[in-house]
Amino acid sequence: MSPTTATVPTPGLRGWREWRSWRTWPERFAHSWRRSLRFRTVAVTLGLTAFAILGAFVTMALAIQNDLFESRVEQVQESVARATAATQRTLESAQVDGDSASLQSLMDAAIQSMTRQAGTDMIAGFRISNEPSVIAPQDFGRGGLTASMISDGLRETVQQSADKRWWQSIGLPSGDGDGDRDRADVPGVVIGQQLILPEVGAYEFYFAYDLESEAQTLRFVQVTLWLVGVGLVLLIGAISWVVLRTVTVPIAQAAETSAILAGGDLGVRLPVRGDDEFAVLGRSFNAMADSIEAQIKELAELSLVQQRFVSDVSHELRTPLTTIRLASDMLNDRRDEFDPSTARAAELLHAQVQRFEVLLTDLLEISRYDAGSVQLEYEPTSLAHLAEEEVASMQQLADQHGSDVRLVAPGGYSPVEMDPRRVRRVVRNLLGNAIEHGEGRPIVVTVDSDQRAVAIGVRDYGLGMSAADSERVFDRFWRADPSRKRTIGGTGLGLSIALGDARLHGGTLAVWSELGRGTHFVLTLPRQGHTAPGSLGSPIPVDPGDDDAALDDVGLTQPISLPSAGRETSAARDTPATGEKAGRS
């Protein structure tokens with residue numbers, strides 16, 4: 001079956017499945033908040049808008065609720081006031097015979113009159129006096145209003161105030177009769193006032209009013225406000241998204257274009273439309289890109305001309321240099337026949353011609369690196385055996401400087417694909433540097449390996465370098481102490497070429513150095529092919545982390561002391577990349 005159609009989900013379906021996973025929402029929100037100006041602006045706009053609308057609508061809802069309630073309370077109080085005033089006048093003018101039947105009839109007439117005038121059938125009355133009376137009408141409750149629905153506090157207040165009305169919010173049953181079992185309380189208000197019944201004294205009368213219609217009105221207003229609020233938030237969000245898109249899309253295009261330009265594509269340009277600020281920005285960006293492209297091309301051409309010049313000059317100089325060297329060799333061989341001054345001149349000429357030849361060789365090698373024309377010749381090679389051979393070849397030079405070169409190789413014996421000629425050149429360069437700047441102290445060469453890489457470290461206990469010098473030690477022709485004389489030659493290109501050889505192998509060449517404690521170079525090569533930059537770990541730590549025990553192992557009890565004057569920084573590390581002798585670079 002074809003793997004291109006059966007296993008790869010479509011981007012839309014994959015995105016929908018990813019967004020369905022609510023556990024990833026916080027992470028996605030945080031990612032969008034950091035990376036998207038449009039998302040961040042719309043989110044802030046929606047949040048502030050929703051907060052403002054919520055505050056405004058809550059304030060409006062509370063104001064409408066208070067207005068509806070207060071208006072209804074004032075309305076029913078006026079109704080109760082009219083009904084009780086008229087009923088009290090009727091009671092005062094009524095003629096009763098003093099028997100219970102006539103008083104009951106008068107009470108019933110008063111209740112009917114108040115029911116009609118007050119606009120509610122929920123009325124209850126209770127006699128205030130505690131003195132027993134056989135003619136006083138009994139307490140009553142109509143329309144579902146009972147004594148249990150009226151709070152003791154309201155009754156006490158009504159009993160103590162004969163000429164005032166008092167009201168209180170209560171919950172009223174929604175059923176119509178006493179037989180309803182499942183009743184839900186609806187908002188209501190009860191108003192209490194005293195009335196004087198002839199012959200028997202004062203009664204508490206309570207009038208209850210259902211506020212369900214006002215509650216429905218308030219719910220309608222609240223629902224309308226919420227719907228309008230949500231609609232406004234969505235509308236403002238959509239408007240903000242559209243407006244921001246017209247602003248952020250050109251910004252995103254500029255950011256993407258600048259990233260492509262920074263990545264090396266000098267031909268990319270911003271599309272320009274209209275004459276607004278973004279069009280001006282686009283034209284300015286394109287003009288800047290044109291200028292950068294022209295300058296880079298000019299610099300590339302100049303660099304190419306320089307490389308060709310160095311390569312051509314180096315090649316052209318080899319023929320006359322060969323002739324000069326033959327003449328200098330002949331003069332140097334017969335210097336015993338000359339007078340002392342002429343013999344010395346012949347020796348100096350022979351030495352400088354040799355150094356000039358080494359310099360030309362290094363310049364040719366550098367030009368090949370710059371032109372990218374260097375090719376490696378891989379062979380299975382044991383780094384431990386290679387190091388042993390190089391240590392042996394430079395033993396005479398080390399003896400001349402009084403340095404004891406020690407090889408420690410716990411690993412690195414199995415063959416690894418490398419260019420042995422170039423690796424030998426790197427090791428020779430590092431050994432020459434260590435011999436020249438080791439101050440006659442021991443030099444430790446370490447070879448080790450792991451599953452991914454092999455490495456060789458060259459450690460001397462000489463003067464060392466400062467941190468600033470260590471950062472520039474691989475620069476071409478750079479010397480930390482120009483006043484220090486080279487003792488074994490060198491062109492100033494050795495470490496630069498060594499770094500290029502290491503990178504050609506996909507490896508690294510690192511340095512650790514500290515004033516008074518010496519220097520440690522570590523060359524690390526991968527076992528198989530090239531690796532990503534920075535991903536290759538070395539089996540030999542660059543920082544040796546010497547303690548007293550480590551110093552004792554190499555015959556040192558104290559770090560080397562720096563001279564008081566004249567050599568506060570390390571000497572130049574300058575070594576020829578080729579030839580019998582090695583120096584430091």
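## Helices H10 and H12

Which residues in H10 meet which residues in H12? From H10 come Leu383, Leu386, Glu389, Glu390 and Val391. From H12 come Pro420, Val423, Arg424, Val427, Arg428 and Leu431. By class, this contact has 7 nonpolar and 4 charged residues, with no polar ones. The model is predicted.

H10 covers residues 383-393 and H12 covers residues 420-437. Their axes come within 10 Å. They cross at roughly 50 degrees. The two helices are therefore oblique to each other. Their crossing is right-handed.

## Helices H12 and H14

H12 also crosses helix H14, residues 494-504. Here the axes come within 9 Å, and the crossing angle is roughly 140 degrees. The handedness of this crossing is left-handed.

On the H12 side, the contact is made by Arg422, Arg425, Val426, Asn429, Leu430 and Asn433. On the H14 side, Gly494, Leu495, Ile497, Ala498 and Asp501 take part. By class, the contact of H12 with H14 has 5 nonpolar, 3 polar and 3 charged residues.

## The sheet

The model has an open sheet of 5 strands. Their order is S2-S1-S5-S4-S3. The pairing is antiparallel. Strand S2 (140-141) and strand S3 (166-173) stand at the edges. Each has a single partner strand, so one side of each is left without a neighbour in the sheet.

S2 is joined to strand S1 (residues 123-127) by 2 bridges, and the two run antiparallel. Across this pair, Ala124 stands opposite Gly141 in S2.

## Helices on the sheet

Helix H4 (residues 37-93) packs on the sheet. H4 touches S3, strand S4 (185-197) and strand S5 (201-210). The direction of H4 makes about 25 degrees with that of S4.

Helix H5 (residues 100-118) lies across S1, S2, S4 and S5. H5 runs at about 30 degrees to S5.

## Confidence

The protein chain averages a pLDDT of 77. Of the residues, 80% score at least 70.

Over residues 177-182 the pLDDT stays under 50. For this stretch the model has 3 contacts beyond four places in sequence. Residues 557-585 also have a pLDDT below 50. Beyond near neighbours in sequence, residues 557-585 have 120 contacts in the model.

Note on methods
Residues are numbered from 1 along each chain as its sequence is written. This is a predicted model: local features need pLDDT of at least 70, side-chain atom pairs count only at pLDDT 80 or more; totals for chains, interfaces and linings use all residues. Side-chain values use heavy atoms; hydrogens and water are left out. Axes are lines fitted to C-alpha atoms, for helices over the stretch in contact, and angles run from 0 to 180 degrees between N-to-C directions. Helices (H or I, at least four residues) and strands (E, at least two) are DSSP runs, numbered from the N terminus. Angles under 35 degrees count as roughly parallel, over 145 as roughly antiparallel, 65 to 115 as roughly perpendicular and the rest as oblique. A crossing is left-handed if the near helix is turned anticlockwise from the far one by less than a right angle, and right-handed if clockwise. Contact means heavy atoms within 4.5 Å. Ala, Val, Leu, Ile, Met, Phe, Trp, Tyr, Cys and Pro count as nonpolar, Asp, Glu, Lys and Arg as charged, and the others, Gly among them, as polar. pLDDT is the predictor's confidence in each residue, from 0 to 100. Two strands pair if DSSP finds at least two bridges between them.
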